Amino acid sequence: MSGQPNILGLGYYVPDSVLTNPDLEEMVETSDEWITTRTGIKERRIAAEGQGCSELALHASRRALKDAGCDAGDVTHILLATFTPDYCTPTSSCVLQGELGATRCQMAADVGAGCSGFIYSLDLARGLLALDPGATILVVGSEVCTARLNFSDRNTCVLFGDGAGAAVLGGGSEAGPYVVDAIQHSDGTLGHLLPVGREGGSASPYKLGQAVSEDYFIQMKGRELFRHAVRGMADLTTKLLHRNGLSTADVDLFIPHQANLRIIEALAKKLGYPMQNIYVNVDRYGNTSAASVIIALSEAYAAGRITSGDKVLLTAFGAGLTWGSALLQF
Ligand code: UT7
């Protein structure tokens, strides 16, 4: 379909180091049995010492550009979704631009929307492509969640992992996969359910020499979030399908945010969608926040789970609170 933003290439990268549930049993009072039954997570990847958000993004971006048949010099815009940037400044998107050698890039920007960051960025890329159909946009989700994990807090440290995924988007042509539609939502009144950095930001800055407290790390009211996550993703997904004259029966593969297998199962039940058509990798990577959906999409694509003609539905939910859904046509 002409005028729709094309998906030219996909790629992902996860660090080699694996942290298993039995490893976590050695660190906090938890058990493989608790983590498995409450979350579905068996293991997660951990970035190496000194391996920041932009480095993971670089590996994923190179793979996506190769898949697209593009060079770094073709990239005109970079949108990098993360809540774990290398630094406050330079932004990780600018670091990525420099490392990639994307010399023609007109805009490199980080997007902070928690776990929904990749879908938010995909929607922003659609807007940029509407203004400039000749653009080639690198849309990345990259996280080193472990940099913000308190490994003495069992409520959070078992849930998250590190990784990155990237998509290359270009102007609409008749052929190839494209983004059909996307829809976002936010509710800032619920931000207290998933704060990160209640200390160490401008609202509560550290003084020189002050010790880091637990408020620097991810904190969450899990049970409340769970309810909002299922309702938010189900409502938005339904709205997106309806406004495109579709129902869940038209969706070939559903790729929800990989935070917890029980959330995914509850979402499937609420939507009346079969679990066998849902892509799940939370068992291997845990919650990689803004990287979660794009890692799953790239992995599903590489594994041959997506074929030409398929409709693929993405949805995510995260800190902010934020949530979003996108519909892709392959
Ligand atoms: O990506 C952004 C979106 N993320 C989410 O939406 C996450 C949503 N929430 C969840 O995934 C789940 O609520 C959790 C996995 C975080 C927690 O599962 P839950 O079934 O809601 O457990 P809970 O918070 O109700 O806690 C049950 C019990 C508590 O003990 P008490 O108070 O009942 O004695 C916790 O202290 O489980 C305890 N607990 C643990 N026990 C062993 C919490 N974490 C652990 C642990 N190991 N790691």
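Okay, let's start with D32, which lies in helix α2; helices here are DSSP runs of H or I with at least four residues, strands are E runs with at least two, and both are numbered from the N terminus. This is a predicted model, where local features need pLDDT of at least 70 and side-chain atom pairs count only at pLDDT 80 or more, while totals for chains, interfaces and linings use all residues. Residues are numbered from 1 along each chain as its sequence is written, and side-chain values use heavy atoms, with hydrogens and water left out.

Back to D32. With a relative accessibility of 24%, D32 counts as partly exposed; buried means under 20% relative accessible area, exposed means over 50%, and partly exposed is in between, with a 1.4 Å probe and protein chains only. If you look across from D32 to V158, the two C-alpha atoms are 9.8 Å apart, although 126 residues separate them along the chain.

D32 also has a partner. Its side chain meets that of K42 in a salt bridge, at 3.3 Å from N to O; the cut-off is a side-chain nitrogen of Lys or Arg within 4 Å of a carboxyl oxygen of Asp or Glu. K42 sits in the loop between α2 and β3 (43-46) while D32 is in α2 itself, so the pair ties together parts 10 residues apart in sequence. K42 is partly exposed too, at 37%.

How many salt bridges does the structure hold? There are 6. Let me walk you through some more of them.

Take R198 and D215, where the closest N and O atoms are 2.9 Å apart. That pair links distant parts of the chain, 17 residues apart, and both R198 and D215 lie in the loop between β8 (178-186) and α7.

Next, E299 and R284. Their side chains form a salt bridge of 2.9 Å, N to O. E299 belongs to helix α10 (residues 292-302) and R284 to helix α9 (residues 282-285), so this pair ties together parts that are 15 residues apart in sequence. E299 is buried, with a relative accessibility of 7%, and R284 is partly exposed at 30%. Then there's a network of salt bridges, which links D123, R126, D181 and R243.

While we're on E299, have a look at its helix. Helix α10 is mostly covered, with 9 of its 11 residues buried. Among them are V293, I294, I295 and L297, along with S292, S298 and E299 itself. After α10 comes G304, whose phi is positive, near 80°.

Now over to strand β11 (residues 322-329), where you'll find S325. S325 is buried, and its relative accessible area is 0%. Which side chains does S325 contact? One is T237, through a polar contact of 3.2 Å, and another is T315, at 3.0 Å. For a polar contact we need a pair of N or O atoms within 3.5 Å; within protein, one must be able to donate a hydrogen and the other to accept it, and residues adjacent in sequence count only if both atoms are side-chain atoms.

Where does it lie? Domain 1 (4-174) and domain 2 (180-203 + 212-329) both give residues to the shell around the ligand, so the ligand lies between them; the bounds come from an automatic or database domain assignment. There are 23 residues around the ligand, and T30, R38, R223, N260 and N287 come nearest.

In the shell, α2 (32-39), α6 (154-157), α7 (222-243) and α8 (261-271) each supply at least two residues. Which element gives the most? That's α7, with 5 residues.

Some of the atoms involved, then. T30 has a polar side-chain atom 2.7 Å from a nitrogen of the ligand. In the side chain of R38, an N or O atom is 2.8 Å from a ligand oxygen, and for R262 a polar side-chain atom is 3.2 Å from an oxygen of the ligand. On its own the ligand has 960 Å² of accessible area, and the protein covers 77% of that.

That's the tour, and I'm happy to take questions.

Note on methods:
Near = heavy atom within 4 Å. Areas by Shrake-Rupley, 256 points an atom, 1.4 Å probe, with all protein chains shown as cover.
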